[in-house]
Amino acid sequence: MSKVAKLEIEGKIYELPIVEGSEGEKAVDISQLRQQSGYITLDDGYGNTGSCKSAITFIDGEKGILRYRGIPIEDLAEKASFVETAYLIIFGHLPNSAELNRFSDLLTQNEMLHEDLKFHFEGFPPNAHPMAILSAMINASSCFHQRILGPYDDEVFELQAARLISKVRTIAAFAFRKSRGLPIIYPKPVYKYTANFLHMMFSQPFQDYELKPEIVRALDLIFLLHADHEQNCSTATVRMIASSKANLFASAAGAVCAIWGPLHGGANMEVVQMLEEIHRGGDDGSRFIAAAKDKKSGHKLMGFGHRVYRNYDPRAKIIKAQCDQLLAVLKRTDPLLDIAKKLEEAALHDSYFIERKLYPNVDFYSGIIMRAIGIPLEMFTVMFAIGRMPGWIANYKEIMEGQGSRIYRPRQIYVGPTRQSYQPLADRK
Ligand code: CMC
């Protein structure tokens, strides 16, 4: 017998179905509540609202668990590549060799941008933010593939997904080169996904960038660890846009704007800026911790806290270990890593952070790896967006294939003025 919850409103009892997920997560289905009672539910910031059922990513925030399609993030980080993981997230299973080869070939075949798109880059000022360029260029590139603009078509979805994943990397590298006044470097089909990106970022027309395997692997890992994270702000944005049956590229362009914000993907830049400031000031970070605890200051400890994790973010653990490993292999040190570790130690022993269960999130250490790789600060959030692309695409696919999925349209409780009459201009004070 299916379980129900009972809700009493003004003496009347409403029976609401209980929905259970495959990992035992429970929800009360209130989709018929307004129709039956006239009431809606109010959940500012959606902290307690399940907006969909999804089979892509599972997070247990209390225990610090993250799995893509059931596979623990730790296993994927150790054994898989970003492209393999992207396939898993989008298509629901690990690819066999034929599937992986086909998908990799599609990525290679779609790595170039239409030559006319290069002129679009000319229209941006040199100091344009790469996230603005990325979002604009994703939309612009769809104009060169008219099929993308048509209705969802299962037959060509793999191609569209590969096209987006591949082109976004080329757009990102071109945007960086343009912002530095450097000549554009075209992709090389011999390189795999991440190596090709590094080549387009750092090669010169007269000299190829030396691809160190440790650096390629570290960036591949960064992409992989960002590949999906269930219903976060940008992914919910994809689903919102896709629910209107907008195309994949339009949905992804919107998600890039959502992830840009400092409370979301933009936090990786802010963390490094914070660590640099601590370094320059020569203090121990206690000023930042004090400001983060003072609500009036308007500051937060960037790279700390998470809506879902009430424990150490498993991605942060992997990245922290990778930071030590990469710097050791490269025989380098970074004072910011020492500062970050001390800051973490201080925060984790501070009652403010303990009581609120605030731990380092994915952004706390990712900037330090990106610095070691040579990624410039203004490109950090772009790396997050490149990595998150498979998750956005998989969520788009779920919406498009969803049985009876409706347009996303939350309700509100109106708190503005009640009816008032229009005052002619001459009568207004
Ligand atoms: N520094 C200081 N206080 C914090 C922080 C922080 N980083 N994060 C949360 N709090 C406080 C918050 O003010 C609230 O205090 P109180 O109970 O006294 O009102 C309490 O902790 C609980 O906050 P919450 O409900 O857990 O926070 P949220 O779910 O509304 O916001 C967050 C989540 C990630 C936006 C927030 O923790 C934050 O702003 N962190 C810093 C920015 C950051 O690192 N963002 C990257 C997130 S991970 C990558 C991604 O998914 O984008």
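1. Thr-57 stands opposite Tyr-68 of strand S5. The model is a predicted one, and this residue pair belongs to the contact between S4 and S5 (residues 65-68), two strands that run antiparallel and are joined by 4 bridges.

2. The sheet to which these strands belong is open and has 3 strands, in the order S4-S5-S6, with antiparallel pairing. Its edges are formed by S4 (57-60) and S6 (71-72), each of which pairs on one side only. In general, the strands of a sheet pair through backbone hydrogen bonds.

3. The loop between S5 and S6 holds Arg-69. This residue is not a glycine, yet its phi is positive, near 50°. Its relative accessible area is 24%, so Arg-69 is classed as partly exposed, a term that covers values between 20% and 50%.

4. A positive phi, about 55°, is also found at Lys-331, again not a glycine. Lys-331 is placed in the loop between helix H15 (314-329) and helix H16 (335-348). Is this residue buried or exposed? Lys-331 counts as exposed because its relative accessibility of 75% is over the 50% cut-off.

5. Which helices supply at least two residues each to the lining of the second largest pocket? They are H3 (82-91), H4 (97-109), H9 (193-202) and H10 (213-225). Of the elements involved, H4 gives the most, with 6 residues.

6. The count of cavities of 30 Å³ or more comes to 1. The largest cavity has a volume of about 110 Å³. Helix H7 (146-149) and helix H8 (154-179) are the elements that give two or more residues to its lining, and the largest share, 3 residues, comes from H8.

7. Residues lining the largest cavity include Arg-147, Ile-148, Asp-153, Val-156, Phe-157 and Gln-160. Also among them are Asn-247, Leu-248 and Tyr-396. The lining of this cavity divides into 7 nonpolar, 3 polar and 2 charged residues.

Technical notes: Residues numbered from 1 in each chain as written. Predicted model: local features only at pLDDT ≥ 70, side-chain atom pairs only at ≥ 80, totals over all residues. Heavy atoms only, no water. Pairing = 2+ DSSP bridges. 1 Å grid on protein atoms, 1.4 Å probe; cavity = no way out; pocket = protein on both sides within 12 Å on 5 of 7 lines; lining within 4 Å. Points joined across faces, edges and corners; volume = space filled by probe spheres on them. Nonpolar A, V, L, I, M, F, W, Y, C, P; charged D, E, K, R; others polar. Buried < 20%, exposed > 50% of the residue type's maximum accessible area, 1.4 Å probe, protein only.
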